[in-house]
Amino acid sequence: ACGAVHDVKEHRAQLLEKAHGEPKTPREAREYVRKETGLDVPKKDFENWVQLGHLKYVLDRVTPEEKPRRYYRPGDVFKVAQIMRDRRVKV
């Protein structure tokens, strides 16, 4: 109605990025999910999901001072937690 032109594809990409959240360390991602959704993701569950390939890191930070650290998006952690919870309920 106002005549403004929007790039819908770009807008959707920005919304998706915001929903997934900024990459965080495993502990930070788990804490963020708990704070924002109330869903507690146990550390061992997180580690198992990574080992089984259900959860993939999005950033690998390497510095000379410390060992490499992998970063995960909280939205991905939440999504995998929901999938795994649904699997447990159906069994």
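Modeller: Gladly! Let us begin with F46 and Y72, which are both buried; buried means under 20% relative accessible area, exposed over 50% and partly exposed in between, with a 1.4 Å probe and protein chains only. A word on the source: this is a predicted model, where local features need pLDDT of at least 70 and side-chain atom pairs count only at pLDDT 80 or more, while totals for chains, interfaces and linings use all residues. Residues are numbered from 1 along each chain as its sequence is written, and side-chain values use heavy atoms, with hydrogens and water left out.

Colleague: How do you know what counts as a helix or a strand?

Modeller: Both are DSSP runs numbered from the N terminus: helices are H or I with at least four residues, strands E with at least two. By that rule the protein chain has four helices and two strands, in the order α-α-α-β-β-α from the N terminus on.

Colleague: Why is M84 called buried?

Modeller: Its relative accessibility is 10%, and the limit is under 20%, so M84 counts as buried. M84 sits in helix 4 (residues 74-90). Leaving out residues up to four places away in sequence, M84 touches W49 and H54, where contact means heavy atoms within 4.5 Å. M84 and W49 are 35 residues apart in sequence, yet 9.2 Å apart in space, C-alpha to C-alpha.

Colleague: And what makes up the largest nonpolar core?

Modeller: A nonpolar core is a set of buried Ala, Val, Leu, Ile, Met, Phe, Trp, Tyr and Cys residues joined through side-chain atoms within 4.5 Å. Here the largest has eleven residues: A29, V33, V41, F46, W49, L55, Y72, V77, V80, A81 and M84. Helix 4 gives the most to this core, with four residues. V77 touches several residues, among them A29, V33 and L55.
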